[in-house]
Amino acid sequence: MTPQIRTLNDWIERSENIVFFGGAGVSTESGLADFRGESGIYSQKYDFPYPPERMLSHSFFISNPAEFYEFYRKMMINESVRPNTAHLRLAELEKAGKLRTVITQNIDNLHQMAGSKSVLELHGSCYRNFCMNCRKFYPISAITGTTGVPRCECGGIIKPDVVLYEEGLDESVIQAAIDAIRSCQMLIVGGTSLSVYPAAGLINYYSGDRLVLINSSPTSYDAQASLLLTQKIGEVFSQV
Ligand code: ZN
């Protein structure tokens, strides 16, 4: 066990209000592709006419829902993916009364599958979908069990409850994330390069002295970390 891991365990032991803030790296270790990582969407065979940022934009969804769903079903949904060590250990820490909230940029429901109850999903969830006409909610099967553009029983188009490009984040979720970060004793940030809005802005609300950064590559916030672990998040949590 490295001195850094020992320190991490010591701080967890002494903290009762931990918040975890996670990015794409938490999910890629479960085998989910991100956009630009080594196993990302761009390094696979990519046979769509536009880059992911366009395929997953609000305006594209509105103007080309059939093509949007073709992309979305193939590239964004993977129901065979399971929680990894990091998800499972975080859920255990919540159960033990150590961890208060998980804040995630991922839309894959893996924290909930692992047993976490308090999860703030900054970008929504592909496990929730709603009718744009009558707001009725639908499970993921409304997308995976259909072809073409999924429709509500009222005839309206069903939209994933996911923040698309060009769309704003949910203000109440952002506020809850700010409150959680501001009041926590220990903030663990993992699997994010902190280069994408709103991640970097959010961690600035933390004013404590136990900011832990876990990422397999350097981030622009490394100098601000109280404890820096430049390694895979699963490797770290398997020793927590
Ligand atoms: Zn409807």
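Modeller: A term to begin with: two strands pair if DSSP finds at least two bridges between them. This is a predicted model.
Colleague: How many bridges join β2 to β3, then?
Modeller: Three bridges join β2 (residues 99–104) to β3, and the two strands run parallel. Isoleucine 103 stands opposite leucine 120 in β3.
Colleague: What is the strand order in the open sheet?
Modeller: The order is β3-β2-β1-β7-β8-β9, six strands with parallel pairing. The edges are β3 (119–121) and β9 (227–229); each has a single partner strand, so one side of each is left without a neighbour in the sheet. On average, neighbouring strands of this sheet are turned by 15° against each other, direction ignored.
Colleague: Which strands does α1 lie across?
Modeller: Helix α1 (residues 3–14) lies across β1 (18–22), β7 (186–190), β8 (211–214) and β9, at about 130° to β9.
Colleague: And α9?
Modeller: Helix α9 (residues 171–183) lies across β1, β2, β3 and β7, running at about 135° to β3.
Colleague: Switching topic: which residues are the protein donors of the zinc ion?
Modeller: Cys131, Cys134, Cys152 and Cys154, each through SG, lying 2.3 Å from the zinc ion. The site is tetrahedral, with angles of 102 to 119° among the four donor atoms. Along the chain, the donors follow the spacing C-x2-C-x17-C-x1-C.
Colleague: What parts do cysteine 131 and cysteine 152 tie together?
Modeller: Cysteine 131 lies in strand β4 (residues 124–131) and cysteine 152 in the loop between α8 (141–144) and β6 (158–162), so the pair ties together parts 21 residues apart in sequence.
Colleague: Is cysteine 131 buried or exposed?
Modeller: Buried, with a relative accessible area of 0%. Cysteine 152, at 5% relative accessibility, also counts as buried.

Technical notes
Residues are numbered from 1 along each chain as its sequence is written. This is a predicted model: local features need pLDDT of at least 70, side-chain atom pairs count only at pLDDT 80 or more; totals for chains, interfaces and linings use all residues. Side-chain values use heavy atoms; hydrogens and water are left out. Donors are N, O and S atoms within 2.8 Å of the metal (3.2 Å for Na, K and Ca); water is not among the atoms, so sites may look incomplete. Four donors count as tetrahedral if all angles lie between 85 and 135 degrees; four count as square planar and six as octahedral if opposite donors are over 155 degrees apart and all others between 65 and 115; anything else is irregular. Helices (H or I, at least four residues) and strands (E, at least two) are DSSP runs, numbered from the N terminus. Buried means under 20% relative accessible area, exposed over 50%, partly exposed in between (1.4 Å probe, protein chains only). Axes are lines fitted to C-alpha atoms, for helices over the stretch in contact, and angles run from 0 to 180 degrees between N-to-C directions. Contact means heavy atoms within 4.5 Å.
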